[in-house]
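Dear colleague,

Please find below the sequence and structure that I am handing over to you. My notes on the findings follow.

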Amino acid sequence: MTAMASYGPAHHKYATATPLPLRPSVVQFAPEHETNVYIDNPRTSWEEVTCTWYTSSEYSAFRQDCRACLRQLQQQQAHETSPVATVTQIMELLYTTVTQVDYVLDDAQVLVDKLNRASPNHNHKGKTLPPLTQRLFGQLYAPQHWIGLGLEYRYHGFLKEDALERRESLQTVVGDIQREYTYGLWTSNEVPEEFRESCLHFSQVSSLMAQFLAMAQYQATTA
């Protein structure tokens, strides 16, 4: 089990007490269209090409449908007794579980086993209840909740805010590494590993949460 590094204002082993001079973080990119190479595809007709890609009007319809779903979910979420409010509580529990992992973990099944051990099966009216995660996953994507499939990070505010903070922190750290490399604080051999560890520190939460959601969706489709 490998512990994850902790990142802060001076998170690198070569961090100095004196701040390094900052460089503009905005990178401008101007593509050179005249260097593009166009290759004809005689096997595909223009009609097939137009059927392959969504049109702008179709994308607009997708966005409108998404906004309508979000409004419906948010209205239901405001009522504590609604199924969506229950789903929000389950999402918070699962997300809290993955954010507490401070070591490198590839398989979320380890966390599933941990949750089940922490909450042993209890007898209810003479019947043994299923494992905790099986009950939680079963509620996440019950038929009445499928409207929220794929929108988890849109209508669960705490997921959205935390993901945004992690993305911004990652961008800051990557900029720090690039700037430190420019000033000779990293070698070309060390930079890739530092990038990998930095990205893992901020992205592991999303990876583990995605595995949780995939387990719940699989359970919903096989129940």
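**Salt bridges within helices**

R196 and E193 both belong to helix 8, where three residues, or about one turn of the helix, separate them. Helices here are DSSP runs of H or I with at least four residues, strands are runs of E with at least two, and both are numbered from the N terminus. Please note that this is a predicted model, in which local features need pLDDT of at least 70 and side-chain atom pairs count only at pLDDT 80 or more, while totals for chains, interfaces and linings use all residues. Residues are numbered from 1 along each chain as its sequence is written, and side-chain values use heavy atoms, with hydrogens and water left out.

R196 and E193 form a salt bridge whose closest N and O atoms are 3.0 Å apart; the term requires a side-chain nitrogen of Lys or Arg within 4 Å of a carboxyl oxygen of Asp or Glu. R196 is partly exposed, with a relative accessible area of 46%, and E193 is partly exposed at 36%. In these notes, buried means under 20% relative accessible area, exposed means over 50%, and partly exposed lies in between (1.4 Å probe, protein chains only).

The whole structure contains three salt bridges. In another of these, D162 is joined to R166, with the closest N and O atoms 2.7 Å apart. About one helical turn separates D162 and R166, because they are four residues apart in helix 7. D162 counts as buried at 18% relative accessibility, and R166 counts as buried at 19%. D176 and R179 also meet through their side chains in a salt bridge, at 2.6 Å from N to O. These two residues are three apart in helix 7 and are therefore separated by about one helical turn. Both D176 and R179 are buried.

**Overall architecture**

The secondary structure of the protein chain consists of eight helices and two strands. Along the sequence, their order is α-α-α-α-β-β-α-α-α-α. Of the 223 residues in the chain, 29% count as buried. Among contacts between residues at least 6 apart in sequence, 74% join residues at least 24 apart; a contact means heavy atoms within 4.5 Å. The chain exposes about 15,700 Å², of which carbon and sulfur atoms supply 54%. Accessible areas come from the Shrake-Rupley method with a 1.4 Å probe, and for residues only the protein chains shown count as cover.

**Nonpolar cores**

The largest nonpolar core has 33 residues, of which L94, V98, L111, F137, L140, M209 and F212 touch the most other members. Such a core is a set of buried Ala, Val, Leu, Ile, Met, Phe, Trp, Tyr and Cys residues joined through side-chain atoms within 4.5 Å. At least two residues of this core come from each of helix 2 (56-77), helix 3, helix 4 (109-118), helix 5 (132-140) and helix 8 (190-222). Leaving aside residues up to four places away in sequence, M209 touches M91, L94, Y95, V98, Y153 and L159. Another core, of five residues, lies apart from the largest one and includes V173, I177, V191 and F202.

**Aromatic pairs and the surface patch**

The structure holds five aromatic pairs. Rings of Phe, Tyr and Trp (its six-membered ring) pair if their centres lie within 6.5 Å; planes under 30 degrees apart count as stacked, over 60 as edge-to-face and the rest as tilted. Y54 and F62 form an edge-to-face pair, at 5.0 Å centre to centre and with 90° between the planes. Y54 is exposed, with a relative accessible area of 52%, whereas F62 is partly exposed at 41%.

The pair of Y95 and F158 is edge-to-face because the ring centres are 6.2 Å apart and the planes lie at 70°. This pair links distant parts of the chain, with Y95 in helix 3 and F158 in helix 7 (residues 157-182), 63 residues apart. Y95 is buried, at 5% relative accessible area, and F158 is partly exposed, at 23%.

Ring pairs link Y54, Y59 and F62 into a cluster. Y54, Y59 and F62 also make a nonpolar surface patch of about 340 Å². Patches are made of residues with over 30% relative accessible area and no salt bridge, like charges being joined within 9 Å and nonpolar side chains (Val, Leu, Ile, Met, Phe, Trp, Tyr) within 5 Å. Y54 is located in the loop between helix 1 (46-52) and helix 2.

Yours sincerely
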